[in-house]
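Work through the exercises below with the model open. Each task is followed by its solution.

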Amino acid sequence: ISLSDHFFTNLQVSLLARTGISQGSKEISLLQVSSDPSMYIEVENEITTVGGAKLSRLKCNREGKEWETVLTSQILSAAGSCEVVSVACEKRTLSVFSASGRRLLPPIVLHSPISTLHCTGFYIMALTTAATLSVWNVRKQSVVVKDESLQTILAGSETTVSQILLTQHGIPVMNMSDGRAYCFNPSLSSWNLISDKQETLAQCADFRSSLPSQEAMLCSGPLAIIQGRMSNSGRQAAKLFSMPHLVQQETTTAYLESQVASALALQSSHEYRHWLLIYARYLVKEGFEYRLRELCKDLLGPVHSSSGSQWESTVVGLRKRDLLKELLPVIGQNLRFQRLFTEYQEQLDILKDK
């Protein structure tokens, strides 16, 4: 966002502020988002000249607590969260301050001028005019995403970026003008397609009978924000489409697996648990024993400790065996799976007694 000589804004209002990236013949339309609506930032450029250098002033007010500092370059963009405040200057530098105004690290030098800036918690995301993306964890003073190009998700189309989100776990999300949404997966060092509003699976999936209640669909989190009401479409699928039961099974299973995988990529524990339980109920209802057994096996892990085991006991901060305890009563409701239920319940009991 290009700031005038004197700029004062509630960062919540900055949702309305738009900026553009020039990328050849493409222009990327972006949305500026702040995670702390109670924060006010005031920028005053060129307040005075000292030794030939023009000073700029940064003021921050959050819940009545105010601080200010000066920088030796014109401020072009500002963003804040409950933990940090970040400003980008015309010399391609990025300065980071604590919630009380302490400088947390020397200015970061960007490869290209800033286009948009976001802060969530201790995470800072910078998108440059060269369409490269970086995310830093200020608390750990480490990089999460390093100069990642958006060319991968823009190449070969007239698609533009319509909205940018930064999750509380530092995962950047790009909503595109064609209805698709991507997140960058730091572990895989790749872009993941996590939502597509034109996706046929979402239109055909029918998992209404696997919902414990109407309120079950009211699951909040980054995936729900990205998809909007699209995740509810499966509830009307039976009314809109007539298809063979086998095809209905396949599309619903594929859709639910996609939801679980997307929640995992976003590191959204609440949504991961939500979709995993719906998926498990659907597997039980439709009698998919192989998938159900594989899921239970992964959640249980090795009963006897082994130094060579690669099994992780948690997933997105949730204990896998606690998830299995939630699944087993659902499995036990189907008489066909009584043997599976008994097998894993006994193994959980063995682990409990150890």
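R293 is partly exposed, at a relative accessible area of 27%; partly exposed lies between buried (under 20%) and exposed (over 50%), with a 1.4 Å probe and protein chains only. The model is predicted: local features need pLDDT of at least 70, side-chain atom pairs count only at pLDDT 80 or more, and totals for chains, interfaces and linings use all residues. Residues are numbered from 1 along each chain as its sequence is written, and side-chain values use heavy atoms, with hydrogens and water left out.

**Exercise 1.** Find the salt-bridge partner of R293.

*Solution.*
- Apply the criterion: a side-chain nitrogen of Lys or Arg within 4 Å of a carboxyl oxygen of Asp or Glu.
- The partner is E343, with the closest N and O atoms 3.0 Å apart.
- The pair links distant parts of the chain: R293 in helix α7 and E343 in helix α9 (residues 338–353), 50 residues apart. Helices here are DSSP runs of H or I, at least four residues, and strands are runs of E, at least two, numbered from the N terminus.
- E343 counts as partly exposed, at 28% relative accessibility.

**Exercise 2.** Which residue pairs with E257 in a salt bridge?

*Solution.*
- The side chain of R291 meets E257, at 2.8 Å from N to O.
- E257 sits in helix α5 (residues 245–265) and R291 in helix α7 (residues 289–300), 34 residues apart.
- E257 is partly exposed at 29%; R291 is partly exposed at 38%.

**Exercise 3.** How many salt bridges does the structure hold?

*Solution.*
- The total is 11.
- One network of salt bridges links E44, R57 and E68.
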